[in-house]
Amino acid sequence: MSHEITWKSVHDERESLLEDLAGLSDAQWRAPSLCEDWSVQQVVAHLASSARTSKASAAKQMLTHKGNVQAVIDATIDRQMYTRDYADVFAGDERWRGLD
């Protein structure tokens, strides 16, 4: 698959996710997800934040923790950070609010 086709697929999947999430009520956002102890909102925030993580930052964390993925997760991710830092991650812009 070419780079261009891959990114088109990524963008298409993101659009589909936005459409699926647009209709969630506040209660649905706060509902428990299939990830233990995480709400739907926290899982979605996690997905959104991973798109912001650079390759260099990820590589540095892996080197710091000697390739131990769980140690990286434990050191960099906690539920409260999503409540605090990403609570309004899908409040959205005009385009987001314009989805029907």
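Helices (H or I, at least four residues) and strands (E, at least two) are DSSP runs, numbered from the N terminus. This is a predicted model, in which local features need pLDDT of at least 70 and side-chain atom pairs count only at pLDDT 80 or more, while totals for chains, interfaces and linings use all residues. Residues are numbered from 1 along each chain as its sequence is written, and side-chain values use heavy atoms, with hydrogens and water left out.

**Exercise 1.** Locate Ser39 and decide whether Ser39 is buried or exposed.

Solution. Begin with the position: Ser39 belongs to the loop that runs between helix 2 (26–30) and helix 3 (40–50). Next, recall that buried means under 20% relative accessible area, exposed over 50%, and partly exposed in between (1.4 Å probe, protein chains only). Because the relative accessible area of Ser39 is 12%, Ser39 is buried. Finally, look for contacts (heavy atoms within 4.5 Å): when neighbours within four places in sequence are left aside, Ser39 touches Trp29, Arg30, Ala31, Pro32 and Ser33.

**Exercise 2.** Find which side chains meet in a salt bridge, and describe where they lie.

Solution. A salt bridge requires a side-chain nitrogen of Lys or Arg within 4 Å of a carboxyl oxygen of Asp or Glu. The structure holds 1 such bridge, and Asp12 and Lys8 form a salt bridge with an N to O distance of 2.8 Å. Both residues lie in helix 1 (residues 3–22), where they are 4 residues apart, about one turn of the helix. Asp12 counts as partly exposed because its relative accessibility is 41%.
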